[in-house]
Amino acid sequence: MADEVKEDIAPEAEAAPKKGWLGLRMRLVIAGVALSCVLGGVAYLLTPSSASGRETIYTALEKLEEGDYADARRIAESFIGNYQLPEPEQAIPPYVLGSIAYHDSDQFWSEQDKQRIFLIAARYLRQSADLGYPEGYATEGNYMLGRSLVLSKQYGKSIPVLLKTYEAAPQYRREIEDMLASAYLADAASSDQQLTDALTWADKYLEVKLLSPQQRDAATLRRAKILLRLGRLDDAVAAVDQIAKTSPVYVDSLIVRGEVDLARAKQEGADREQELNDAIDLLRQAADNQLVGTDSTRASSYLLAVALDEADEKNAALTQATRTRKIYFRTPEGIAAGVLEGRLLRGAGKYGEAVDVYRRTLSDAALEPEFRNPYLTIEQLRIQVTAAIEQFLDKQQFQNAVDVAQALTPLFPRDQALQTEGDILVRWGETIMGQAQVAKLAEAEELRKEARERFRSAGRIYEKLAEDRFSSRSYTEELWKSAAAYFDGQDFTKSIEMLDKYSQYEERSRQPRALVAKARALIALDRADEALELIHECLDFYPRDPVIYDARLLASEAYLEEGDVALAEEMLQANLNDGRLEPQSLEWQNSLFALGRVMHLEGEMFEAQARVAGILEDPEAVPREAFELLEKSNSSYQMAIKNLKMAVRRYPNDPQSVMARYLAAECHRRSSMLPRKRFRLVDIETQRVRFDKEVKDHLEAALEIYASLVDELTEKFETRGELHPVNSDILRNSYFAQGAAYYDLHQFPQAIEAYSTASNRYQNDPIALEAFSQIANCYRLMGQPIEAKGTLEQAKIVLDRLPENADYSETSYGSADEWRNFIDWLISTL
């Protein structure tokens, strides 16, 4: 403690009597003026133009000693901030102004006004102390400073000042012992050492023999409170037993007794119920014997609410806490009661009311320059508010949680409040996104829109937080969270802006993740070429960083955007064949699914090129180039089947598995084209049998997958009443693909059945016309022209019933008129 005092208090000036020294000092000043005139340097001793030529800063000290506070203030104020004064004299103006404020406190009756004046006095006197005090005024200045700090409730700051003054000013020792005991008690929080120090000074003060009975009783009561805080319950009772019933503080002693019983009840002993009843009786007795507004009334009112809560009388406790908060607002008891009231309201499920109470309570608690409350520490308050926020989050009362977080300032640091609010908004957005996953499609899109708004709000909050923490080590992490939140909110431009700042300040080891995150945002903005530059920077300069697996996945996506299927495949193969990436990892899993999709796409591209080259011509007329392209297509399809089936087998519950199964079926069906073409080119029976078997194997494998998809998705549709648009398309395509596969197998009745099911299911969609035309074709090949014509006539009826605004481009190749002409032509050919 001695070192702390030495550091905190300005060294005392050389001892000198306070009064009677100014005459000598002024003679020295006059001599100094004459000498400086000879030297041509008088400016630093003259007063500013606003002061009389005869007034110096020392005149302000003279006026202060004479009690002429008005003139002393006027002169001192004219010198405040005048850095032309020599350093020893710069301490005089704040000393004079602080002393005047200290003495002015006697003019005020309101405790709040007194506290405000002492706060001003302490500010000036601290400034003077830091500058070294005027010569001979250090002891008086420190005493006034220490007392001003105590009376403005800056207890922690007052202690070292008072300790220093205690040694230097024997005449003030009794007052300082009294103030130190109170300051240590008020500043103790949960520190047993400070409580022990408080008890030491309280005992010293009680050793004074000239205390009045009222002073002794008040000091004894304070000692009992200290003992209570130390857990020395029997000693606390013994102390209050010394206070007579006629004492002005007797009612306060009842409160201490009530607190002792309450503390004993919390120890869960055998007499808990009786101790609680005794505590409640004593506290009610104390409350009934006091005038409203006194310290004792406030204390007993709050503690009664605590005792009722401990006794599990929740309604009575809530009523008492509410009453205490409303009547004694902005007092320590009112603030503590507000915290208790908030908890009880939350327990009763009255969340909106609890939020209002927390906001008012936090606002009241922030009015004091330093949070001091004998009933709860700032840490306990933080724990209570955090518990409230967590409960609101658990109950998905997100707006309530945000409201409380926004009320944390100015009592708690702004950056802590921002961090809390940002975290709440992210959790809010994630919860809404989770709800969208299981919601109806129409509602899901609205939910996702709302979730994105929450994420963007979080991005803005984290951006502010980063600005506040610019000079801290967490600056870049806040930028990262802001970028991630903006990305989830689909504000990709802002996400890139945050990532640029992140890259500017983050250390090299964490640059790869920024490169990948920025590339992902660029891809979302259709800027794949820029994304690839960043991805290759990551791959080239950070080849051992785990983020390269994500980088390759993104590179594959970017290459597909640019139409380079080969490089997209290369990136995915690099992930799967890396040797360090485990199949259990999400990156390996996604790479496997993606490779299957890429190989399917590659097969489609080669097949399309083969069609252009003439693969649909009679086998004898097909150019060699077309066959080569079809062989490449078939090879890609086989690789796609291998990877897609492996992915589905390893990860059957992955949402990607439905699409993977459908693509595998498509690969099987399309792979049947090559052996079918070869079948018609060979004459050797064994080869024809082999090619025929390949065709059937592929088509039957495809049919098996289509059937399973139809069953699964139909059941899901019947259960939920709707399907995700992607799954809805897969179900529709599976119906038609079944018909196409049966057709290629020349199993026309089965094809007709599949197409009929599709036409019935999608009779209000232009795609039904495609089903009718295929059914008619099957009947034609079966030699049943009447049935074919009837099917086409039915198609015309369906066409006429389709709405005028039907979109034919989505699922068919022609307009309504073109379909009508086409159907008429088909009828004419029968």
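Let me begin with Arg330, which lies in the loop between α17 (314-327) and α18 (332-347). The structure before you is a predicted model. Although Arg330 is not a glycine, its phi is positive, at about 65°. Arg330 is partly exposed, with a relative accessible area of 47%.

Tyr133 is placed in the loop between α7 (111-131) and α8 (138-151). Its phi is near 55°, again a positive value in a residue other than glycine. Is Tyr133 buried or exposed? Tyr133 is buried, since its relative accessible area is 3% and the cut-off for burial is under 20%.

Two prolines in loops also deserve mention. Pro410 sits in the loop between α21 (398-406) and α22 (414-438). The peptide bond that leads from Thr409 to Pro410 is cis, and its omega is near 10°. The other proline, Pro248, is found in the loop between α13 (233-240) and α14 (250-266). Pro248 counts as exposed, at 56% relative accessibility, because the exposed class begins over 50%. Where sequence separation is concerned, Pro248 and Gln214 are 34 residues apart, while their C-alpha atoms are 7.4 Å apart in space.

I turn now to a pair of helices. How do α10 and α11 pack? Helix α10 comprises residues 173-187 and helix α11 residues 192-206; their axes are 8 Å apart and the packing angle is about 155°. Angles over 145 degrees count as roughly antiparallel, and α10 and α11 are therefore roughly antiparallel to each other. Their crossing is left-handed. On the side of α10, the contact is made by Arg174, Glu177, Asp178, Leu180, Ala181, Tyr184, Leu185 and Asp187. On the side of α11, the contributing residues are Gln194, Leu195, Asp197, Ala198, Trp201, Ala202, Lys204 and Tyr205.

Which residues of α27 are buried? They are Ala528, Ala531, Leu532, Leu534, Ile535, Cys538 and Leu539. These residues cover an arc of only 165° around the axis, which puts them on the same side of α27. The face turned away from that buried side carries the exposed residues Glu533, Asp540 and Phe541. What covers the buried residues of α27 includes α26 (511-524), α28 (548-561) and α29 (565-576).

Helix α29 can be described in the same terms. With 12 residues, α29 reaches 17 Å from its first C-alpha to its last, close to the 16 Å expected at 1.5 Å a residue. Its buried residues are Val565, Ala568, Glu569, Met571, Leu572, Asn575 and Leu576. Viewed down the axis of α29, these buried residues fall within an arc of 160°, so they line one face of the helix. Which helices are included in what covers them? Among the covering elements are α27, α28 and α30 (586-613).

Conventions: Residues are numbered from 1 along each chain as its sequence is written. This is a predicted model: local features need pLDDT of at least 70, side-chain atom pairs count only at pLDDT 80 or more; totals for chains, interfaces and linings use all residues. Side-chain values use heavy atoms; hydrogens and water are left out. Buried means under 20% relative accessible area, exposed over 50%, partly exposed in between (1.4 Å probe, protein chains only). Helices (H or I, at least four residues) and strands (E, at least two) are DSSP runs, numbered from the N terminus. The arc is that of the directions from the helix axis to the C-beta atoms. Contact means heavy atoms within 4.5 Å. Axes are lines fitted to C-alpha atoms, for helices over the stretch in contact, and angles run from 0 to 180 degrees between N-to-C directions. Angles under 35 degrees count as roughly parallel, over 145 as roughly antiparallel, 65 to 115 as roughly perpendicular and the rest as oblique. A crossing is left-handed if the near helix is turned anticlockwise from the far one by less than a right angle, and right-handed if clockwise. The expected span of a helix is 1.5 Å times one less than its number of residues.
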